[in-house]
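I opened the structure to look up a few things about strands, helices and packing. My notes follow in the order I made them.

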Amino acid sequence: MTTRYTEDHEWITVEGDVATVGITNYAQEQLGDVVFVELPDAGKTVAKGDEAAVVESVKAASEVFAPLDGEIVEANTALADEPGKVNEDPEGGAWFVKIRMSDKSQLDGMMDADAYKAHLEGL
Amino acid sequence: MSMNTQGRPSAPTEAGGTAAHETFTGNKALQMEEALIFEIGRNDVCGVDLEEPEDFTPALGGHARRAELDLPALTEPEAMRHYVRLSSKNYAIDAGLYPLGSCTMKHNPRLNEKMARLPGFADVHPLQPRSTVTGAVEMIAELAHWLVTLTGMEAVAMSPKAGAHGELCGMMAIKAAHTAAGRDPKVVLVPESAHGTNPATAALLGYKVVSIEAREDGTVDTRAVQDRIAEHAGNIAGIMLTNPNTCGLFERDIIAIAEAIHAADGYFYCDGANFNAIVGKARPGDLGVDAMHINLHKTFSTPHGGGGPGSGPVVLSERLAPFAPLPFLRKGANGPEWIESAAELLDGEQPFGRMTAFHGQMGMYVRALAYMKSHGADGLRQASEDAVLNANYVRVGLEDLMSLPFGSRWCMHEVLFDDSFLKDTGVTTLDFAKAMIDEGYHPMTMYFPLVVHGAMLIEPTESESRAALDLFIATMRDLVMSAQRGETGRFKGAPFHAPRARLDETRAARKPVLKWERPAASEVQPQAAE
């Protein structure tokens, strides 16, 4: 399964028409210890660029943007109780939301792992 | 070291146990450990002698209290010492330099305190007959006159209690003006570097916040504003902009930005938190501002930051003045009049409602006016000039060792560094700030604004003498050189000399203990110092 990345330091994996979205290891490093995660309710419709979740660390509060149009089918409610998971397993168990995509073509043009790595090196 | 009486020893043990350089009590010479009042309180003493009540029949019936309140009881000296000791733990501008950027921690002249304690100001009640408080009303009206004169605006809503409350007041006036014009725009533009309260205020009122990115030099580009306006054409409620901005830089394009917003039928809200940089130099009214809060507790002294309440009057342009909330001041034939209710309104006065029950922070008004009148207009201008001079003195004293995100250029009342000078040292902005505590300085604002990596925002204010700034600069230089020499031991785990070492901020945020619970008797064990 290909993982795709955005310039907002989010990762996306796709299964069928459902995209799983989380923040990258780089993002959690920049945030520092995460202390609070606010997640959307399932059923909410989001457009690309909308605020999908909020993540708060000891340093800053930051939005997690919906990388795609669609409907939230599931939020990782475990993060609300254990926000530290975002630091421990950002690109695995600490996914934020699953979105049923309404326009899969929005995946085109997103970075793959190599391109994201190159993007990070340029920062 | 432990904080609670439960963790304190109650009797020496045979084996001893107080290590060298530790103490039996936990006190360090005259630096006292202080437990919570609930922990040192008992229920068998009383600070005052009260007469035993005679026999009486309570009228409360079934509402009478059924459980003990478990309030702590102390003798009068114990209660006094408890609060005096706590007060001595508070770092304040009265104790030392307090370079907290965007907070304008300036000296509060003691003359202000003397004036605020005059009985005609201190002992009045908002529900007193107006005829008995005409002097107090005159005083507020005079302050209001200073505020509209210094800002070049039409009117001022005095009642908001602090900055964010003032923002809400100003944005509610903007919303009321749109509603009165039969419009319902939904978008408020906010630059990336804004104080967090700006987008929060807009969101609270149901607006969609659209962010404006900064250009390379740290300021807002008129073109970016125009682009956002074009994207949301016909739907722009206004912009919330801080000037000088949170990077300590003057927004040079402010007039063009104001014109662009006005052309789009929007209003210009200016965040006045940084007004201390421009008092007497530039008037927001001349820059196209429609509403701006003024933090009396920053710009015009008064004790704040743990020392006292805030006060955030909002100045309004001619277009917004009719919407000022109740109560407001009106010029009357016999002096200023307080307009307190809808029944007293004249044609054209359309207050959007009320921000507070009464007139606002009387004590802060007195202090601010005392500060203004003791400085005079020329003195206020000089205070702003000195604030900018001091910030630039710090900049020039540190820029060869620290890193300026927008290059070596004049800043306003605060100077912003990023953390690239700490690259590869293993020391973070947080570590650096904690090491400053060991040196006896309150840290600067850190990790804000968010647009700059590892931000350190230093605002010395005009209060500091050159000698005080020289010592601060020398201390900072010593810390920077120490970090760059690889002396991480001085930073990791700092502060080492404070009454408490590095706090676990993560755990405090994730698992906050919000309520003190009396420990079960079995848990209260005398314990020897480790």
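Before looking at strand partners I noted the rule: two strands pair if DSSP finds at least two bridges between them. I also noted that this is a predicted model.

Entry one, a strand pair. I looked up strands β8 (residues 328-332) and β9 (residues 335-339) of chain B, and found that they run antiparallel and are joined by 5 bridges. For R330(B), I found the bridge partner E337(B) in β9(B). β8(B) and β9(B) form a hairpin, with 2 residues between them.

Entry two, a helix. Which residues of helix α7 (residues 197-204) of chain B are buried? I listed T197(B), N198(B), T201(B) and A202(B). They lie on the same side of α7(B), because they cover an arc of only 135° around the axis. I recalled that an α-helix has 3.6 residues a turn, so residues three or four places apart point the same way. The buried residues of α7(B) pack against several elements of chain B, including α6 (163-180) and β2 (187-191). Just after α7(B), I noted a positive phi of about 90° at G206(B).

Definitions and conventions:
Residues numbered from 1 in each chain as written. Chains lettered and ligands numbered in written order. Predicted model: local features only at pLDDT ≥ 70, side-chain atom pairs only at ≥ 80, totals over all residues. Helix = DSSP H or I, 4+ residues; strand = E, 2+ residues; numbered from the N terminus. Buried ≥ 20, exposed ≤ 12 C-beta atoms within 10 Å, placed from the backbone. Arc of directions from axis to C-beta. Contact = placed C-beta atoms within 7 Å.
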